[in-house]
Amino acid sequence: MMTPLLETRRLSKQFGGLLALDELSFQVQRGEILGIVGHNGAGKSTLFHLITGFLRPTSGEILFEGHPVTAWPPYRRVRRGLAPTFQQTRLFYGLTVEENVRLGCFTQQRGGLRRFLLGTPHRERLTMQRRVNEILALTGLERFRAQPASQLSSYGYQRRLEVAIALGSGPKLLLLDEPFGGLSPSGIEEMGQLIQTLHDAGLTIMFIEHRMKSIWSYCSRLFVMSGGRLLIPQPAREALHASR
């Protein structure tokens with residue numbers, strides 16, 4: 001049986017007297033788009049920050065490619081292939097779109113920021129530039145490459161750039177924290193198309209959202225989250241029906 005790309009085992013998180021996650025176990029299989037949906041307070045953000053390493057669990061275990069990563073800091077998880085984007089965009093607004101993506105590529109390397117600032121050997125720069133060009137084309141940001149991130153015309157393009165930065169690290173699993181939040185109906189459709197494009201390119205994707213109708217058509221499986229627990233996973237259409 002193939003090892004899951006990501007697995008949690010009886011994962012719990014307690015904040016004082018509040019049990020935010022209650023012995024939560026699930027798996028993300030290679031090649032799928034997994035969605036987790038739930039109302040505010042359901043425990044989605046807590047789960048996301050445990051998986052990315054910004055929180056430590058009270059108990060339980062997190063495995064990536066079969067290896068325990070529960071105690072690993074965020075940067076080690078990124079280098080292993082687990083790349084997050086966040087609900088609040090985290091861009092380098094003083095840099096151009098291209099420079100943002102290039103900096104994302106350096107996160108996969110030791111001394112990445114130092115190498116970004118001081119320069120790299122010519123051959124390595126050529127390889128890096130090809131990677132940056134591929135990401136800009138894949139995410140539809142090529143025409144904005146020389147534009148400062150602060151001047152991107154819409155919030156949707158800022159979200160798209162954050163995804164592009166995450167792609168720079170060469171992820172095996174892309175984690176998206178409410179990627180449709182704050183977007184217009186057309187922006188939601190465009191983000192959904194980008195997610196599908198990345199999946200078609202071979203990327204495994206997991207995302208959390210609080211609006212079921214925004215995501216059900218873009219994922220192969222859905223978990224509905226409530227009270228720090230995941231309900232039985234269902235195909236997306238059945239989950240949408242069950243939530244009504």
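**Strands, cores and salt bridges in a predicted model**

Strands β1 and β2 form a hairpin with two residues between them. Gly 16, in the turn, has a positive phi of about 60 degrees. Strands and helices here are DSSP runs, strands (E) of at least two residues and helices (H or I) of at least four, numbered from the N terminus. The model is predicted: local features need pLDDT of at least 70, side-chain atom pairs count only at pLDDT 80 or more, and totals for chains, interfaces and linings use all residues. Residues are numbered from 1 along each chain as its sequence is written, and side-chain values use heavy atoms, with hydrogens and water left out.

β1 (residues 6-15) pairs with β2 in the antiparallel sense over seven bridges; pairing requires at least two DSSP bridges between the strands. Gln 14 stands opposite Leu 19 in β2. Glu 7 has Gln 27 of β2 as its bridge partner. Both strands belong to an open, antiparallel sheet of four strands, in the order β2-β1-β4-β5.

A parallel pair is formed by β6 and β7 (residues 173-177), over four bridges. Leu 82 stands opposite Leu 173 in β7. From β6 (residues 82-85), Leu 82 and Pro 84 point one way, Ala 83 and Thr 85 the other. All four are buried, that is, under 20% relative accessible area, with exposed meaning over 50% and partly exposed in between (1.4 Å probe, protein chains only).

The largest nonpolar core has 41 residues. Such a core is a set of buried Ala, Val, Leu, Ile, Met, Phe, Trp, Tyr and Cys residues joined through side-chain atoms within 4.5 Å. Leu 161, Ile 205 and Phe 207 touch the most other members. Helix α6 (residues 155-167) gives the most to this core, with seven residues. A second, separate core of 27 residues includes Phe 64, Val 69, Leu 173 and Met 225.

The structure holds twelve salt bridges, each with a side-chain nitrogen of Lys or Arg within 4 Å of a carboxyl oxygen of Asp or Glu. Arg 80 and Glu 65 form one of them (3.4 Å, N to O). Arg 80 lies in helix α2 (residues 74-80) and Glu 65 in the loop between β4 and β5, so the pair ties together parts 15 residues apart in sequence. Arg 80 is partly exposed, at 27% relative accessibility; Glu 65 is buried, at 18%. Glu 98 meets Arg 102 (2.8 Å, N to O) in another salt bridge, and Arg 145 (3.1 Å, N to O) in a further one.
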